[in-house]
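Keep the sequence beside the 3D view as you read.

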Amino acid sequence: MIRTEGLTRRFDDMVAVDGLDLEIATGEIFGFLGPNGAGKTTTVRMLAALIAPSAGKAWIAGHQIGAGNQEIRRAVGILTETPGLYARLTAMENLRLFGRLHQLDHIDDTIERYLKMLDLWERRHEPVGGFSKGMRQKVAITRALLHEPEVVFLDEPTSGLDPISARVVRDFVANLKDQGRTIFLCTHNLDEADRLCDRIGVFKRRLIRVDTPQALRQNLYGHTVRISLAHPPSPNHLLALKGIDGVEKVEEADTDDGHTLRLSVGDPQTHNPAIITALVGAGAQIRFVEQEEASLEKVYMDLLGDDPPNTEAQP
Ligand SMILES: Nc1ncnc2c1ncn2[C@@H]1O[C@H](COP(=O)(O)OP(=O)(O)O)[C@@H](O)[C@H]1O
Ligand SMILES: [Mg+2]
């Protein structure tokens with residue numbers, strides 16, 4: 001649904017987006033994760049045919065940017081970082097005005113459906129100027145969807161929202177995916193990317209890595225299995241683990257609540273049964289077994305260096 005080849009955008013001497021190669025399938029939620037200034041908004045503006053690339057190519061919904069810009073603008077909806085709405089008009093008036101400007105017919109049903117989904121229907125006759133940031137964001141999201149686009153670009157959709165509004169917006173995004181739309185979600189919020197996205201592209205001027213949230217954690221850090229024991233591990237236990245297939249490393253860790261073995265295991269699903277059998281055979285009393293994963297935050301820090309991710313309070 002979205003494909004780019006060497007997509008690049010320069011501003012004067014500065015390269016904001018450098019040779020982006022991407023492929024995003026229909027119906028996918030793709031998270032574009034990167035710190036402020038990474039070039040996320042610039043990428044979205046190119047893909048939505050709002051600015052031209054300096055080099056490279058891209059296709060959106062089968063249309064190539066450049067020649068197919070008209071068709072692309074019809075196929076995509078975009079929620080920008082600063083949704084300009086008319087403060088003195090009501091939510092309804094803003095949306096109808098936008099519909100008229102874009103020659104969209106029969107949009108009242110669409111408006112009703114989205115405002116209801118976003119919990120804003122009751123407030124539709126109030127001027128937008130009196131709305132909270134979250135409420136304005138909901139109007140802007142509805143506006144981006146009035147023409148029922150196949151591809152939706154959401155640029156930091158929950159940034160600056162209170163936790164409850166952020167939650168409504170996130171649920172709404174998940175719902176859009178269920179409708180089969182393709183969603184390109186820019187965020188610097190790891191938790192959001194983790195919860196919503198099928199795949200995440202970690203991006204800072206260049207695409208650093210693309211994978212599922214889970215694979216990002218696992219591929220980078222392997223698989224650590226924690227086995228909690230009722231008693232301190234004995235040399236027997238450690239001996240029993242020697243030479244078991246898939247066990248790469250064994251560490252002992254004493255924690256407040258007991259004694260733990262931390263094992264690096266090739267594939268826990270395959271290798272855990274033999275590991276546990278061996279330990280029990282050597283007399284170990286196992287309390288519980290769990291898999292440790294690196295937090296996405298750590299992955300992000302490791303991939304991007306010392307740029308701290310900007311995490312917001314989450315509900
Ligand atoms: N219109 C513009 N003119 C000059 N520089 C720009 C323009 N738009 C963005 N930039 C620069 O490009 C870089 C990437 O910006 P942006 O795409 O907004 O990043 P992000 O959305 O990831 O925070 C920044 O350094 C920004 O200052
Ligand atoms: Mg931005």
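Start at L185. Setting aside neighbours within four places in sequence, L185 is in contact with I29, F30, G31, F32, L154, P157, V173, L196 and C197. Two residues are in contact if their C-beta atoms, placed from the backbone, lie within 7 Å.

This is a predicted model: local features need pLDDT of at least 70, side-chain atom pairs count only at pLDDT 80 or more, and totals for chains, interfaces and linings use all residues. Residues are numbered from 1 along each chain as its sequence is written, while chains are lettered from A and ligands numbered from 1 in the order in which they are written.

L185 also belongs to the largest nonpolar core, which has 64 residues. A nonpolar core is a set of buried Ala, Val, Leu, Ile, Met, Phe, Trp, Tyr and Cys residues joined through C-beta atoms within 7 Å. A residue is buried if 20 or more other C-beta atoms, placed from the backbone, lie within 10 Å of its own, exposed if 12 or fewer, and partly exposed in between. L47, I60, F153, I183, F184 and L185 touch the most other members. Helix α5 (residues 133-145) gives this core its largest share, 5 residues. Another core lies apart from it, with 9 residues, including I227, A240, L261 and I275.

Now find strand β7 (residues 151-155). Helices (H or I, at least four residues) and strands (E, at least two) are DSSP runs, numbered from the N terminus. Why is β7 largely enclosed by the rest of the structure? Because 5 of its 5 residues are buried. V151, F153 and D155 point one way from β7, and V152 and L154 point the other way. Strands sit beside it; two strands pair if DSSP finds at least two bridges between them. Strand β6 (residues 76-79) runs parallel to β7, joined by 4 bridges. There, L79 has L154 as its bridge partner. Strand β8 (residues 182-187) is also parallel to β7, with 5 bridges. V152 stands opposite I183 in β8.

Next comes E192, in helix α7 (residues 190-196). Is E192 buried or exposed? E192 is buried, because 24 other C-beta atoms lie within 10 Å. Not counting residues up to four places away in sequence, E192 touches T158, R170 and T187.

Two loops deserve a look. Most residues other than glycine have a negative phi. A49 has a positive phi of about 60° although it is not a glycine. A49 lies in the loop between α1 and β4 and counts as buried, with 22 C-beta neighbours inside 10 Å. E148 has a positive phi of about 50°, and it is not a glycine either. E148 lies in the loop between α5 and β7, but counts as exposed, with 12 C-beta neighbours inside 10 Å.

Turn to ligand 1. Around it are F11, A16, G34, N36, G37, A38, G39, K40, T41 and T42. Each has its C-beta atom, placed from the backbone, within 6 Å of the ligand. Helix α1 (residues 40-47) supplies the largest share of this shell, 3 residues.

Finally, step back. The protein chain has 11 helices and 14 strands. Buried residues make up 35% of its 315 residues. An automatic or database assignment sets the domain bounds: domain 1 is 2-211 and domain 2 is 221-288. Their C-alpha centres lie 46 Å apart.
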